[in-house]
Amino acid sequence: MISVKNIYKSFGKLSVLNGISCDIKDGERVAIIGPSGSGKSTLLRCLNLLEVPTRGEIWVNGSLLSGLDPYLHPELIRLSATYKKRIAAGGSDKTVISEITDGRLLGRFEGGEYRREYRRLAEQNAIDINLARRKMGMVFQHFNLFNNKTVIENLTLVPVQLGLKTRAEAEARALELLRRIGLEDKRDEYPSKLSGGQKQRVAIIRALAMDPDVLLFDEPTSALDPEMVGEVLDLMKSLAGDGMTMVIVTHEMGFAREVADRIIFVDGGKIAEEGRPDEVFGSPKNARLREFLSKVL
Amino acid sequence: MLFEDIKKILTTPELIGYVFEGFLNTLVLTVVAAAIGLVLGFVVAIVKISAENNKYMKIPAIICNLYTTVFRGTPVALQLFIMVFAVFAIPGFKPYAAIITFGINSGAYVSENIRAGISSVDVGQMEAARALGFTWNRAMINIIMPQAIKNIIPAIGNEMIALLKETSIISMVGATVGTLTFDLNAASNTVFTKVPNFLASGLIVGCFYLAIVYIMVFAIKLIEKRLRASDKR
């Protein structure tokens, strides 16, 4: 359902992601682990375009969420002036394509044919980012509940404002979710009155109130007091039990091992190793992963 | 001596009439300039904020930055002279040129107050709203502005008080009785020509300024209190 194609992300001179590709299937639970600064949070934030990748593409349910990256489309490169010039100079199709891709040789002006095809591909596959995000819930490290809204307003504001639900429907759903986490008595409190664990659980059901296809978790327990980590992880486990598609950036190795179908180990902005939890934790092949696991386990 | 002069000013209809005329004109100058300043400041602040992630706003933002730099970086008296005697050197247009100058000058400060208030809201609030599918505009209106306004109101209140007192420099470009340029400060000067005791006229006019400022402070406190009540912190 989510397809990441060769994404790069840099902030000024600092390059954080250096060519990451991966697929997340429906119903899959993927844990992204790695040392701090490895780019795992940036990778997650690229999935719903909170960070815009510098290169590469993000596809969600067959629609192109990010911009079009011409270097991922050989048929598009073949229409470019650069390609035609090099072919005329006597290169073979394969070598010219790889030269252009490796050297990133496409310029600003590559002829009308290229421009039209580029626009056609982009328009044909594009999806409005705001529509796509409705179906991609996100849970943040620092909760980010709306401080000026009560708990129930946090849960109903967006679905009602966007016309996805009537107020009555949204409130009924919100109360059902609040009951699930045992906080229905907090419905009219402001977030400042909640504990960290309560805030994060409300943040999770706020995402659920949109009936998303996938939930993205950005270190959901890192900002919590230790005694509150359990309640948040329990809620996430129960979501996993419901078959929700989840992508989780986490430092909780025990949780990742228990809940995830697949572990992605990110190091230096690249996927250094990925596989089933028993493979990754049981017999890690990558040296950096072994070193990382020896420190955190 | 002082007491008698004050009494004379207060009881002579002509003299107290000057003061009241000045009082009204000061109010008009301040209110109209404040309205211009608030609208302008709001627009400029929104342009600057939206330029952070909208490339079409980059050039308007450069213009807005130039505007705030110039109008905050030069004395308002200088701006007043240039506007009244050069840019709008049209007979009879002096009071309006002055109001426009005060409004534009105030707008530069207001825009920075609003911008600072908006950026003081945690970026996570915007991210959370966008991640749920809100557009930037909706997030701004529903989530960011209601939180920013609590920081903006006190700062804008200060700016409005400063603006009120700033209008007193209008006599530098010549105040004429019967026009809008005849403000409280000009009234004090005129009264002085009739009762040559500056302390007397100055004290009376000062009390009028003080009264307006006090009402403004009271109103700002009231608004702040109402805003705080809604977030029950």
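A: Let's begin in helix H3 (residues 58-73) of chain B, where B:Tyr67 and B:Phe71 are four residues apart and so about one helical turn from each other; helices here are DSSP runs of H or I with at least four residues, strands runs of E with at least two, numbered from the N terminus. This is a predicted model, so local features need pLDDT of at least 70, side-chain atom pairs count only at pLDDT 80 or more, and totals for chains, interfaces and linings use all residues. Residues are numbered from 1 along each chain as its sequence is written, chains are lettered from A and ligands numbered from 1 in written order, and side-chain values use heavy atoms, without hydrogens and water.

Q: What describes a pair of aromatic rings?

A: The distance of the centres and the angle of the planes describe it. Rings of Phe, Tyr and Trp (its six-membered ring) pair if their centres lie within 6.5 Å; planes under 30 degrees apart are stacked, over 60 edge-to-face, the rest tilted. Over all chains, the whole structure has 10 aromatic pairs. For B:Tyr67 and B:Phe71, the centres are 5.4 Å apart and the planes at 50 degrees, so this pair is tilted.

Q: Is B:Tyr67 buried or exposed?

A: Buried means under 20% relative accessible area, exposed over 50%, partly exposed in between (1.4 Å probe, protein chains only). B:Tyr67 is buried at 14%, and B:Phe71 is buried at 17%.

Q: Which residues do ring pairs link into a cluster?

A: B:Phe20, B:Phe23 and B:Phe208.
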